[in-house]
Amino acid sequence: MTTLALPRRGRVPVWGTCLVLAIIAELIYFTLTTRQFAGHGTGMLQLTEQFAPTGVLALGLAMVILTGNIDLSCGANASLAAVIAGTVLAKGGSPALAIVAAIAVSTLFGLFNGIIVAFVGIDSLLVTLATQFIVTSIATSVAGASPPFGFSSAFTLIGQGSVNDVPIALLIFLVIALAVILTISFTSLGRSLTLIGYNPRAALYSGIAIRGSLTAVFTLCGVMSGVAGVLLAAYYNSAQPDIGTDLLLPAITAAILGGMDIFGGKGRIGEVVLAVFLLGYLSQGMLIEGDSSLSITMITGLVLIGALVIKVVFERNFRQRLTARMQRLRTMRSPGPPGSISPDADG
Amino acid sequence: MTTARNVKAASSAWRDLYMPPRWALLLRRREILVTAAIVIVVAASAAAHPYFWASGNLAFILADSVVITFLALGESFVMIGRGVDLSVGAIMGLSAIVVGFRIQNHGMTLLPAVLLGAAVGIVFGLGNAVLVGVVRLPPIIATLGTLSVYSGLEFVVTNGNQVDTIPSSITNLGSHTVLPGIPVILLLTLPFVLVSAWVLRYTTFGRSIYAVGDDAEAAYRAGIGVQRVLFSTYVISGLFAGLGGVAFLVYTSGASSTTGINDNLTAIAAAIIGGTALTGGAGGAFGALAGSVFLTVTLTAMSFAHVSDVWQPAGVGVLVLLAVVYDSRSRAGGPRRSPKRQRRRGAR
């Protein structure tokens, strides 16, 4: 391992710059090819409310991925939150009550994931695979045969309203993104999460409360799922029990494309935010151009694979050059037999 | 006796002091445990609903489990090598669509259909294999990407049409039975399970998959071509997914652009229930078969007990959770192991 665990400040992040350039190129392309895309400047802003829920999910996931875990249940969890919010509203509850109830339930399932992963010690992939199935069932059961729809305008404002042409959903996403960035970079919890992902053993020996931190991060992911679910219900003005499940893959894609290392310990939340905009504008632009949502899924997959292949190949070459240089330095300093230092042999 | 000695050699220090009797060792084999569980579920359901024991119903359950068995078989190869293939369902759907259109529009017969299905599966499996074995992307991300691509491709290939007229000469395999309760399609599946079990247990290639899954570094130092083995497991997974697509056609006599989209996680669940560990190096072909049958039997028993279909995913989830909890207790010796487990996962 030659890379540092924590991002080095004061350097231009290469990957982030690439993402920004890609976003600019994409925006220019869609503005030139489809007239509705720019929509007198405000159209582009309005489009963001469609992928703000995915963005919120991706932020929660990014934190979990930072610790080297994964949460497959967050999409289903968002569905459940949407259904709960819808049911409370349909039963005559106030919007505030609906939001609180929805986020509370999804937080509870996040806590459940966290406790099982941290205290029983089961691989998070398996735990959240199981809870995903369970939460889906609960959401379908709560929604019943005719899922609730047609909510009061006070509630749908969250997903559809805007302040000075800036969608409220986008504002919520940006505020949460800022909070997550600050948490990861400047709090002890954030540092613990990074270290747990980078090297769990070192984290254990340096006295970090691994179990507490893991529980906290899964709970936070549950909170994010709840927020995403509320945004979805408000945007679509209905609460289908599969409303958030389809967002799982785009959210993971955004987190990975945003440079989060799936093994944990490496990645910047800011780049995840950029990746959310990149993918969101890509899919919205293609939708406006008239492509079907499934061929967009395909393009998203190709973008993910392509970006990762480039990144992995680039990093591997860089690391090899670095190792070779280190080796040369060492052999110059101590005239031992050449080849005594084994090269990168990760099989 | 060799089994006993192997278990002793492989177990940790505290287990060396205690040698369980043979029957207890047998219980440690997951496929036997799951088979016992199947018997219990069938017996309980048959006691409550006599129709459950009817040969027609048993044949229906077994035929139902065949598709998942194929997917879980392929998934087992990948998971034993400490990988994961999230795209098996999509490959299965693609194979079902491609083969289905050939049968529907060009009157293809069964044998060429199986060969075509296998070829389609291998081609898409190669995509995964190149990404994991050559480019060395982490398997979960690589197959997540191909899952998106393949499910989009399903939509492109169908172009809004669907397969709905499969001649009865082919669908009969799914509905006819040889013995009471044993559908023909199950008998056609068994050879694949047996060959997989033989490959995994008795060939050098099979043993090297276990070696790679248990400790890739050690396998590399022992002279195993780690990347080549991983490459092969993804091709095999694609192959079985392709065959699963043909089985899907035989059983359901139709396919559409969303075929198999939800089967990825079910296949992983079946493999896990059958004793294949996500941490690699453990599991087998019979486990995949037992896991799939157990899953189908339990879900059918649930609907016999008047549990709404809505709760079927929850049933799968609870079973996975139970299987995993049982696993980590029996293999890891308690929850203290969590940091180490994560480190090993990181090494994957």
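Two residues are in contact when their C-beta atoms, placed from the backbone, lie within 7 Å. Keep that cut-off in mind, as the tour returns to it at several stops.

What you have open is a predicted model, in which local features need pLDDT of at least 70 and side-chain atom pairs count only at pLDDT 80 or more, while totals for chains, interfaces and linings use all residues. Residues are numbered from 1 along each chain as its sequence is written, and chains are lettered from A and ligands numbered from 1 in the order in which they are written.

**Stop 1: chain A as a whole**

Select chain A and colour by secondary structure. You will find 14 helices and two strands; helices (H or I, at least four residues) and strands (E, at least two) are DSSP runs, numbered from the N terminus. The radius of gyration of chain A is 22 Å, close to the 20 Å from the globule rule for 347 residues, so chain A is as compact as a globular protein of that length. That radius is taken over C-alpha atoms, and the rule is 2.2 Å times the number of residues to the power 0.38. Along its principal axes, the C-alpha trace of chain A spans about 80 × 55 × 35 Å.

Of the 347 residues of chain A, 52% count as buried. Here a residue is buried if 20 or more other C-beta atoms lie within 10 Å of its own, exposed if 12 or fewer, and partly exposed in between, with C-beta atoms placed from the backbone. Among contacts in chain A between residues at least 6 apart in sequence, 77% join residues at least 24 apart.

**Stop 2: two helices of chain A**

Now show α12(A) and helix α13 (residues 269-289) of chain A. Their axes are 7 Å apart and the helices pack at an angle of about 125°. Axes are lines fitted to C-alpha atoms, for helices over the stretch in contact, and angles run from 0 to 180 degrees between N-to-C directions. α12(A) and α13(A) are therefore oblique to each other: angles under 35 degrees count as roughly parallel, over 145 as roughly antiparallel, 65 to 115 as roughly perpendicular and the rest as oblique.

The crossing of α12(A) past α13(A) is right-handed. A crossing is left-handed if the near helix is turned anticlockwise from the far one by less than a right angle, and right-handed if clockwise. To see the contact, show A:P250, A:T253, A:A254, A:A255 and A:L257 on α12(A), then A:V272, A:A275, A:V276 and A:L279 on α13(A). By class, the residues of this contact are eight nonpolar, one polar and no charged. Ala, Val, Leu, Ile, Met, Phe, Trp, Tyr, Cys and Pro count as nonpolar, Asp, Glu, Lys and Arg as charged, and the others, Gly among them, as polar.

**Stop 3**

Select A:L232, in helix α11 (residues 210-236) of chain A. A:L232 counts as buried, with 28 C-beta neighbours inside 10 Å. Leaving out residues up to four places away in sequence, A:L232 touches A:P53, A:A78, A:A82, A:I243 and A:G244.

Next, pick A:N237 in the loop between α11 and α12 of chain A. A:N237 is not a glycine, although its phi is positive at about 60°. With 16 other C-beta atoms within 10 Å, A:N237 is partly exposed.

**Stop 4: where the chains meet**

Bring chain B into view. In all, 42 residues of chain A are in contact with 48 residues of chain B. On the chain A side, α5 (95-120), α6 (124-143), α10 (200-205), α12 (248-257) and α14 (293-333) each supply at least two residues. That side of chain A has 25 nonpolar, 15 polar and two charged residues.

**Stop 5: chain B**

Chain B has 17 helices and two strands, and 51% of its 348 residues count as buried. Among contacts in chain B between residues at least 6 apart in sequence, 76% join residues at least 24 apart.

Show helix α7 (residues 110-134) and helix α13 (residues 226-252) of chain B, which pack at an angle of about 145° with axes 6 Å apart. α7(B) passes α13(B) in a right-handed crossing.

Finish with B:V293 in helix α15 of chain B. B:V293 is buried, with 25 other C-beta atoms within 10 Å, and touches B:I38, B:L62 and B:S65, not counting residues up to four places away in sequence.
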